[in-house]
Amino acid sequence: GALAAACDGAQRSGSHFVSSLSAQLQRLGETELSTVACLGARNSGKGSLLGKLLGTSVEDGEVGVAATLDEDRRVAVLNTAGFGAHLNAQAASEEGASHASQDTAMAVALSDVLVFNVFFREFVSDANDACGFLAELRPAVELLLRVAGEQGGKPPAKRKLFLVVRDYEKDEGVSPEQIEARFSALLDAMWASLSHVPAAATLQPSDLIDVHVETLPHAKLEAAGFSSAADELKTKLSKAASADAALPASQVLAMLNLVNRLAARSLAAADAAASADPAELAATTACSRAATDAFDEFVASSASLHARVKQRDRRMPLDDFASESSALIRATLQAYDDRARVHNGTAAFDLRRAYLRSSLLADLRPLYGESIQLAVKAAIVDFARRSANISTAAGMSFDAQVQAAVDQAATGFRMAAAALCPPEAAGVWTSLLEERMLLQELQSMSAEMVRRAQLHGLYMPPAPRVPTGVSLHWLHPNPFGKDMRTDQLTASDRLAYSERAKQLLRSSPMKLRASGSTGGSKVTASAFSGGIKLSDEDLVIKEERRRRR
């Protein structure tokens, strides 16, 4: 009866995510499974990474939450659209846009394991901005606190949160412990904003979330280190989502019905019931609406820039990418300021403006990455052009000229990368990883160039000692005469008398076993001690020749 009630409540939900997931859970019945939620920035490849780590396919959540059930591994992966996605109302249906935020909160509240993706450079620059101001985590924590209130203050099962720091640079001196401390500070600040929820007064963030920081170096720059770290993370995720943490699908369905019922209450209505300041509630609602409208205008205005950057035949980055991106960001923020001017100076105004700016940078970041890749290719072409003009007759040594070409190409790339970054993204967008990859490629190309020059005899590296070995090269195929072991006898070879050959012939006479007829007379040959015995006919011919002389 309880299961049927849960199914009925979930099926009547207006959320496509809830209705589809409930149907799949109802079909599984008492089959045990674990749930894993994927969090992070929109379009950051978080779903693809999690799918490779878990060994399963993960669907993309463009607007809401995409649920993928792997019955063989008994795991349900809930891939959220990423923070900032709910601002893009044009990319979603009206129904999907209204439920996107609630769906994400329910997905996180349902999951046993949370995988939060951040990029190292962005996290170091601004941890709050890199985590999207915990926009996906805050509503879920609020839901869990309300669940605790429904259960008489008893905290729900603790969730394991893996903070996966991608493109980690160990040389920067930021340890995983420092990253965990920064993230914990964000959790504490977020927890303080939930004071209107009664259960928040008796519980702490550590009662609900167990944070584990996992670092992944760059996959191309440190392939071996990335593979090792990924294997270790895969083992930890598999253990966290093992059968010990699994629950029957019926219990997951009951939890889905509970969080769906709690999430169905409007957040604005809940805040109004708990807030003693109506002006703060009005500012929050108005600023949220202004941010959404401003982001919709940004999406429409940036469509042409997206199309220009993603042209397949483009070989060079756009010259006006930085200026156009900066103009779009400034225009969008100005539109937000104009719409929410009445609430300027409030905490809600500042928070929504910062969140909008973060969403704008997250939307333009892939375009910047593609432009940087074009700049890398242009630098490689520039190095190839410069290296083709290197001459051994120049005043500089060969290796010095090659290194100069490398330095000039790298300098050109740095200038191009700096020109591509808009002022609003300074310190947030970096091209240090791409620069390191470029330098590795240029050093590899220069080493190959020097090696080929040495093989052709065009360059000899400087050495403190005089070389003692000399190698000679010749172009004639047989500089020292023919090798008789491989030389065949032909009609053009000149005959010569050899006493040794005569002696060998007498000691081992030739034995011819040929017979034939000529003009009716039979010609035979047999062996004798001095050579070949002639026939009678041959003797007659020989005598006639002697008389003619």
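Here are some friendly notes on this predicted model, point by point.

1. **Ground rules.** Because this is a predicted model, local features need pLDDT of at least 70 and side-chain atom pairs count only at pLDDT 80 or more, while totals for chains, interfaces and linings use all residues. Residues are numbered from 1 along each chain as its sequence is written, and side-chain values use heavy atoms, with hydrogens and water left out.

2. **The overall fold.** The protein chain holds 20 helices and eleven strands; helices (H or I, at least four residues) and strands (E, at least two) are DSSP runs, numbered from the N terminus. Of its 549 residues, 41% are buried, where buried means under 20% relative accessible area, exposed over 50%, and partly exposed in between (1.4 Å probe, protein chains only).

3. **Contacts and surface.** Take the contacts (heavy atoms within 4.5 Å) with a separation of 6 or more: 76% of them join residues 24 or more positions apart. The chain exposes about 30,600 Å², with 53% of it supplied by carbon and sulfur atoms; these areas come from the Shrake-Rupley method with a 1.4 Å probe, and for residues only the protein chains shown count as cover.

4. **The second largest pocket.** This pocket has about 1,300 Å³ of space. Its lining has 48 residues, and those closest to the centre are Ser44, Phe119, Arg166, Asp167 and His218. On a 1 Å grid over the protein atoms alone, a pocket is an open set of points with protein on both sides within 12 Å along at least five of seven lines, a cavity is a set where a 1.4 Å probe fits but cannot get out, and lining residues have an atom within 4 Å of a point. Grid points are joined across faces, edges and corners, and a volume is the space filled by probe spheres set on the points.

5. Helix 16 (347-388) is one of the elements that supply at least two lining residues, and it gives the largest share, ten. By class the lining has 23 nonpolar, eleven polar and 14 charged residues; Ala, Val, Leu, Ile, Met, Phe, Trp, Tyr, Cys and Pro count as nonpolar, Asp, Glu, Lys and Arg as charged, and the others, Gly among them, as polar.

6. **The cavity.** How many cavities of 30 Å³ or more does a search of the whole structure find? The search finds one, and the largest cavity has a volume of about 30 Å³. Among the residues lining this cavity are Val108, Leu114 and Arg159, and helix 7 (residues 137-150) gives the most, with four residues. The lining divides into eight nonpolar, no polar and one charged.

7. **Cysteines.** The count of disulfides (pairs of cysteine sulfur atoms within 2.5 Å) is zero. Cys287 is buried, with a relative accessible area of 0%, and Cys421 is buried too, at 18%.

8. **Two positive phi values.** Arg74 is not a glycine, yet its phi is near 55°. Arg74 sits in the loop between strand 2 (65-70) and strand 3 (75-80) and is partly exposed, at 47%. Asp167, also not a glycine, has a positive phi of about 55°; its loop runs between strand 5 (159-166) and helix 8 (176-192), and Asp167 is partly exposed, at 21%.

9. Gly29 is in the loop between helix 2 (16-28) and strand 1 (32-40). Gly29 and Ser250 are 221 residues apart in sequence but 5.7 Å apart in space, C-alpha to C-alpha. Leaving aside neighbours within four places in sequence, Gly29 is in contact with Pro248, Ala249 and Ser250.
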